[in-house]
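This report describes the helices of one protein and several residues in its loops. Please consult the sequence and the structure while reading.

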Amino acid sequence: MAAGETQIYAKVSNKLKGRSTTSLLDPLLGMGFPAHIALKALAATGRKTAAEASDWLHCHCNDPSLDDPIPQEYALFLCPTGPLLDKLQEFWRESRRQCAKNRAHEVFPHITLCDFFTCEDQKLECLYEALKRAGDRTLGAFPPAVPLVLHSSVSYLGFFVNDSTADIIQEFAVMFATEASILADCIVKPCTKQLHLTLAHKFYPHHQRTLEQLARAVHPGHGCQWTAALYSRDMRFVHYQTLRVLFQYKPQNMDELTLSPGDYIFVDPTQQEEASEGWVFGISQQTGCRGFLPENYTERASECDTWVKHRTYTFGVAPDQSSGKDGEASSRRNGEPQPLPVSQSSSLQSLQATILRKSVLVVRHGERVDQIFGKSWLQQCSTPDGKYYRPDLNFPRSLPRRSRGIKDFENDPPLSSCGIFQSRMAGEALLDSGIRITSVFTSPALRCVQTAKHILEELKLEKKIKIRVEPGIFEWTKWEAGKTTPTLMTLEELKGANFNVSMDYRPAFPLPSLLPAERYEDYLHRCAVSMEQMVSIRPQDVGVILVVGHGSALDSCTRPLLGLPPRDCTVFTQLVRKIPSLGMCFLEENKEEGKWELVNPPVKTLTHGSNSAFNWSNWIPGN
C-alpha cells in the first residue's frame, strides 16, 4: 500500500474508534491488488465479503475504467417491509400488467430521504457509521406506525406522509446528512419537501381510474416495519438505458460483447450511430467491457436493478442487529421486490376481480413453413404423385386432408414444427397467467386456425370453446401471391381435420366476399367491421376474447377499437414487417369512460434464434 493511501486509511480507522475495517481489505491487498482498486471493488459490491470483492475484480480484469477515480453515488431510502410491502408489490405487478410500465416501476416501494450524493471509496465505513448514529438517535422517537394518505392527480398517484410523522422522518434525514458530512466529508441534501411513497408516476391519463381502484386495495394500516436503506449506483450510467441479458452470446467479431444471462448492459441512446439495425453498443455491468450486442438477446430492466444495497437500519420492535457489522448482508432483501408468496394468491385473485373487464387479445400466428423453406416449400415435401413426406424435422408430421389435394396448401401454408411449438408455449404461458378465455376467433388461413387450436389445447379448452372462423380478418389480399384469392379450407374440411370449429357462427365477411388485390381502405374497413361484430356478440360477457390473425391484425384490428385513425399505408407496411410470430396486443374495455385501452399483454414475448440447415455429407473427405 502506498504511503499516502496508508495515511488516509489510518484516518478512517481512527474515526471509527477501533472498529475493524481491515478485515475486508487485507485479503485483497494480500492478493496483490492496489488499495484504491480494492476499495473500489468493496464499494461496488456493498462491502459484503472479501470473496465478493475478489470475484468482482477478476470479472473486471479487462475493464478499461478500472483505474478511473470515479466514486459511487449513494442515496438513503425509507423502505416498507412485511404485509404492507406485500400489498405494494401486488400493486406494482397489477398496475404494470393492466396499465403498462410507468416511472414508479423503475424503483422498489420507498420514501426518498435524500438525493443521490458521492462518497469516496475509502470513506464508506464512515458513511455506514453515520447511518447507525442517526438511527440510534431517532429510534426512540420513531412512531410505531407511519400514517399514509392517498393522493391522486392526472400524472401522479401515491401516499403522502402525515405532517407530524414527516417531521420525525425528516429530522432523521437531517441527522444522517450532518453525520455523513462530519464523518465521511459527504455533501448530502436531505429531503425537506412533502414526503411521499409513489405508486404511479407519468402514466397515461386514461389509466388514472384503474390505478386508483388498484391503490384502494393497498391499506396503509397493514403491519410494517420501516427500514432506512443505503443504496449505491454507478454515476456514469445515470442517463443510460439498462438492459437485462436473457441469452448467452459468444462474440463473432472483435468489437462484439460477450453476453451472460443475468448480466446488465448500460446503453447510451445518443451514441448508437454506428450500430447496425437490431444491434446496440453497450457496457457490461459484470465485466466493465464494452462492445456491440444483439438487442433481442436482452430486455429492458428497471433503473434500480443495478443498484447495490449496503447497510440498513430498521425502526421498530426488532431493529436490524447486523446493520453495522462488517461483512454481513445487513438484511439485504428488505425494501426490494419479492416474489408473491403462494398464500397471497387468493388476495391477488380478489384484486383482479374488482376490476374484471372484457378484454381482447390479438395474436399473430406461429411460424409458417414457407417462412423457413421459401416459396418452393411444397415441391420440397411432395412426391411426383402428390403425396406428402417430411424432408426436414421443421416440416409438420402430416398435413390435413383437402378435397382438391396437396396443391391447395401452396398459398395456404401450415405451421412449421417450430410454429406448433411456439403456439403451445404461448398457450402454456396464458394458462399460467390465469386469464379467462371466453371466445376464440381466427382468420380462415390454416396457420391461424392451427395456432388457435394449439393454444386452446394448452389452456385445456379445446373441447369447451369452439373456434369461430372470421374471413373478415384475413390478411390484406394485396399481399397474397397470384391474381386470385387463396383457396382456403372450408369449415367442413376443418371439422373433418379435427379442428373444433363452430358451424353456426355467421361471419361479418363470408369467404366469397374476399376480393384479390383489394384497396388498403377496403382491407381496413372489413377488419373494423369484423372486430365490432366479434366484441359485440355477447356484450354482457367479461373475460378475454382471443383473436388469432396475421401480423397486420395487431394494427388493423386494434386501432378501430382504440378510436385511432388508420396509419399511412407505407408506415403500416414497415410496422407489420417487424411483428414476430406469436406477437400480441392486449386491449381492455373501460366501460366507465366508454373506450378501449391498450395494456401490457398477459404473457412475455417469445424470442429465439435461427437454426440453419445441415448437410452431413459435406463432412465426407473429398466432397
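Helix α15 comprises the 17 residues 520–536; at 1.5 Å a residue these should span 24 Å, and the end C-alpha atoms are 25 Å apart, which agrees. The expected span is 1.5 Å times one less than the number of residues. Helices (H or I, at least four residues) and strands (E, at least two) are DSSP runs, numbered from the N terminus. The buried residues of α15 are Y520, Y523, L524, R526, C527, S530, M531, M534 and V535. They cover an arc of only 165° around the axis, which puts them on the same side of α15. The arc is that of the directions from the helix axis to the C-beta atoms. Buried means under 20% relative accessible area, exposed over 50%, and partly exposed in between (1.4 Å probe, protein chains only).

The model is predicted: local features need pLDDT of at least 70, side-chain atom pairs count only at pLDDT 80 or more, and totals for chains, interfaces and linings use all residues. Residues are numbered from 1 along each chain as its sequence is written, and side-chain values use heavy atoms, with hydrogens and water left out.

The protein contains 18 helices and 19 strands. Of its 623 residues, 50% count as buried. Among contacts (heavy atoms within 4.5 Å) between residues at least 6 apart in sequence, 76% join residues at least 24 apart.

In α4, the buried residues are A50, A53, S54, W56 and L57. Seen down the axis of α4, these residues fall within an arc of 160°, so they line one face of the helix. T45 is placed in the loop between α3 (35–44) and α4 (50–59). Apart from neighbours within four places in sequence, T45 is in contact with E52, A53, W56 and V308.

How do α6 and α7 meet, and at what angle do their axes cross? The axes of α6 (residues 124–138) and α7 (residues 163–184) come within 8 Å and cross at roughly 145°. Axes are lines fitted to C-alpha atoms, for helices over the stretch in contact, and angles run from 0 to 180 degrees between N-to-C directions. The residues of this contact divide into twelve nonpolar, two polar and four charged. Here Ala, Val, Leu, Ile, Met, Phe, Trp, Tyr, Cys and Pro count as nonpolar, Asp, Glu, Lys and Arg as charged, and the others, Gly among them, as polar.

Most residues other than glycine have a negative phi. A100 lies in the loop between α5 (83–99) and β2 (111–112), whereas D185 lies in the loop between α7 and β6 (196–201).

F247 is found in the loop between β8 (241–245) and β9 (264–267). The C-alpha atoms of F247 and S260, which are 13 residues apart along the chain, are separated by 6.6 Å. Not counting residues up to four places away in sequence, F247 touches L259, P261, N296, Y297 and T607.

| Residue | Relative accessibility | Class |
|---|---|---|
| T45 | 11% | buried |
| A100 | 16% | buried |
| F247 | 33% | partly exposed |
| D185 | 48% | partly exposed |
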